[in-house]
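Please consult the sequence and the structure shown below alongside the text.

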Amino acid sequence: MYGRTVSAEVESEAVGRPPLVREFLLVAGLFLVYKLGRQLATGHTGEAFHNAHRVWDFERAVRLPGEGAVQSVLLHGDTLAHIANTYYATVHFPATVAFLVWLYLRRPAHYVWARRVLAAVTAAALVVHLVFPLAPPRMLAATGLVDTARLYGPSVYGPPQSDHVSNQFAAMPSLHFGWALMVAIGLIVATRSRWRWLWLLHPLLTMLVIVGTANHYWLDAIVATALLGLALAVIHAPRRTVTTAGRGTQKLVPARQKALDEQALDEQALVGAGR
């Protein structure tokens, strides 16, 4: 119990919790810049469909599994398709926000790391959206896929010609998948539960949903994974724990470790004097 309390104190001392108002404004500002930046990529309809054909042909050339195999499972009944559409529409953003809030409250050092990684991945994705507009498979007749959101609901997109809120020609990379994968990795790194690896079910389910609803190609998720991998290689996670005798304990900075050792010796001396 004492060791865990010290661990929490050390982490707080090592990296202080950033000011809440500043973080809220920073995250909100980054999101606004991203949304506005995506709008710069609108209007490239012809290029977006040309790139869609290139992506589809490339996937077939390298023998990636057909997206239709996943969608065929959803189309066995209205219920599965509706659940997948609901997951696509409602889980992506709230799950990421909940992840950041939890880290902010419980793991400040990991929060700063995760926020930086997400910002880097999102910025890189914006660049790809600008230089490589891509129509999703639900718009490409050659795929043989259907728009499950339009057929079974709910849908977050309107007709592309009149949709001024989102850029529907920004399929690559899939931030639905990239953010979901970062949520899972972040929770695995920041926690020590034996069940923490189950968080990988979130990006796995997200991948099946984005492909099955025909909102993304397999390649969109692959590119998102590559961008996240680059971000994680550059932005290193804080070193919080080491495994000792099968249990996680905090890595202590040398000065703090020395102070704790001296405190322990003083406590032992007091106990001996009282005998």
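In which loop does Pro154 lie? Pro154 lies in the loop between helix H8 (148–152) and H9, where helices (H or I, at least four residues) and strands (E, at least two) are DSSP runs numbered from the N terminus.

The model is predicted, so that local features need pLDDT of at least 70 and side-chain atom pairs count only at pLDDT 80 or more, whereas totals for chains, interfaces and linings use all residues. Residues are numbered from 1 along each chain as its sequence is written, and side-chain values use heavy atoms, with hydrogens and water left out.

**Overall fold**

The protein holds 12 helices and two strands, in the order α-α-α-α-α-α-α-α-α-α-α-β-β-α from the N terminus. Of its 275 residues, 42% are buried; buried means under 20% relative accessible area, exposed over 50%, and partly exposed in between (1.4 Å probe, protein chains only). The accessible surface comes to about 15100 Å², with 66% belonging to carbon and sulfur atoms; such areas come from the Shrake-Rupley method with a 1.4 Å probe, and for residues only the protein chains shown count as cover. Among contacts (heavy atoms within 4.5 Å) between residues at least 6 apart in sequence, 82% join residues at least 24 apart.

Helix H7 (residues 108–131) contains Arg115, which counts as buried because its relative accessibility is 14%. Beyond its neighbours within four places in sequence, Arg115 contacts Arg22, Glu23, Leu26, Val27 and Leu100. Its C-alpha is 9.7 Å from that of Tyr104, 11 residues away in sequence.

Helix H11 (residues 218–234) has 17 residues and spans 25 Å from first C-alpha to last, close to the expected 24 Å; the expected span is 1.5 Å times one less than the number of residues. Its buried residues include Trp218, Asp220 and Leu227. The buried residues of H11 pack against helix H3 (45–61), helix H4 (67–74), H7, helix H9 (175–190) and helix H10 (201–212).

**Backbone geometry in loops**

| Cis peptide bond | Omega |
|---|---|
| Gly153 to Pro154 | near -10° |
| Met172 to Pro173 | about -5° |

Pro173, like Pro154, is found in the loop between H8 and H9.

Positive phi values also occur in residues other than glycine. Arg63, in the loop between H3 and H4, has phi near 65° and is exposed, with a relative accessible area of 75%. Ala214, in the loop between H10 and H11, has phi of about 65° but is buried, at 0% relative accessible area.
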